[in-house]
Amino acid sequence: MKRSKIVESYFNRLENSENCKKWEIISGEKYSLFQKGKRSDITRFFIDNNLDVSICKFRSKMDMMMDYTEESDLLIIGFCLDGEKIIDYNGRHKIAAGDVFYFRPEDDYRIQTDKSDFLYYFLDLSCFGDFIHCSRSCNCKKSDCSSYMDNICERGEIIIEKVPYAMEMYSDSIREMDNLEINNFLDYTNLKGQLFSCLNWFINSRLGERKGRNKKKKGYGICYGRKARKIIEDNLEDHITVSEIADILDISEYRLQNSFKKVHGTTVYDYMRRAKILRSKNLLRETKLSVMDIAHKIGYENPSKFSTTFKEITGYTPTKYRKEKQD
């Protein structure tokens, strides 16, 4: 398999630009750009031959043209973690903190940014060749049919949305990826696992949204995943169980779990845990409630269990997290 020419072109431009320093790391490459006394960092992870992932931390203005490569079918997915960016492609599009954008360019495009943090996925679909098959609804029987990926977005289309609630739970771990020390094979596989999990969640979510709309009349089970998420988010202060959610929706636990996994890429229980911790992080930052009160407010009767779960998911104790975020 070949690497995407358009992605290689972008990084070659960075490497050849003035005031750019590049060095190899175990998981890929790192670039530091120095402009007007400010340093911007881009960490490039080689996840697969047809997939690049980059974490970009821009601390000065950047203005870069990207050349469209005709033989490429590039899917770009970008999560804006902080700041904002302008993409000039079929008009000017502003992407701000909390947005996700994705598109498959069919022409040159321009990126302008200033003081922003982004997570990028560059997936060259043309590298898959025979591995991308038609959807069941497509009768063309051609191995190069793009109907499957059209369910995410069509060529030439750019979509900008608010990051779904589920994605917010990954924000802190994404921010910390750039600072992870890769000292051994286990560290490397753990990083790749996190990056793949995030991508898998996104693609599952997008395909589930489209399929859910297309098959709504047939009672397609995807809708239960969305309904379950709403029930969880409305009952974070209660100790609601998976069984109770299934009862409310009048379906089996198996069907609930299956539908939920297709939409959100995780189990109902794991989503509940992470949603509760996300709520607690907001309370720790924005209120003066005690850790015990916050634990009770999100449905934990045992504050010790809350602290253990909080540290497992965030890497901090609740007290340390509050101190660092309020300083």
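## Confidence along the model

Among the elements of this predicted protein, helix α3 (residues 165–168) has the lowest mean pLDDT, 56, while helix α10 (residues 291–297) has the highest, 92. Here pLDDT is the predictor's confidence in each residue, from 0 to 100. Helices (H or I, at least four residues) and strands (E, at least two) are DSSP runs, numbered from the N terminus. The protein averages a pLDDT of 77, and 77% of the residues score at least 70.

In this predicted model, local features need pLDDT of at least 70 and side-chain atom pairs count only at pLDDT 80 or more, whereas totals for chains, interfaces and linings use all residues. Residues are numbered from 1 along each chain as its sequence is written, and side-chain values use heavy atoms, with hydrogens and water left out.

## A hairpin of two strands

Let's look at β1 (residues 20–25) and β2 (residues 28–35), which pair in the antiparallel sense over 6 bridges; pairing takes at least two bridges found by DSSP. The two strands form a hairpin with 2 residues between them, and I25 stands opposite G28 in β2.

Helices α9 (residues 268–286) and α11 (residues 303–314) pack at about 95 degrees, with axes 10 Å apart. So α9 is roughly perpendicular to α11 (65 to 115 degrees; under 35 is roughly parallel, over 145 roughly antiparallel, the rest oblique). Axes are lines fitted to C-alpha atoms, for helices over the stretch in contact, and angles run from 0 to 180 degrees between N-to-C directions.

Residues of α9 including R273 and I277 meet residues of α11 including F306 and E312, where contact means heavy atoms within 4.5 Å.
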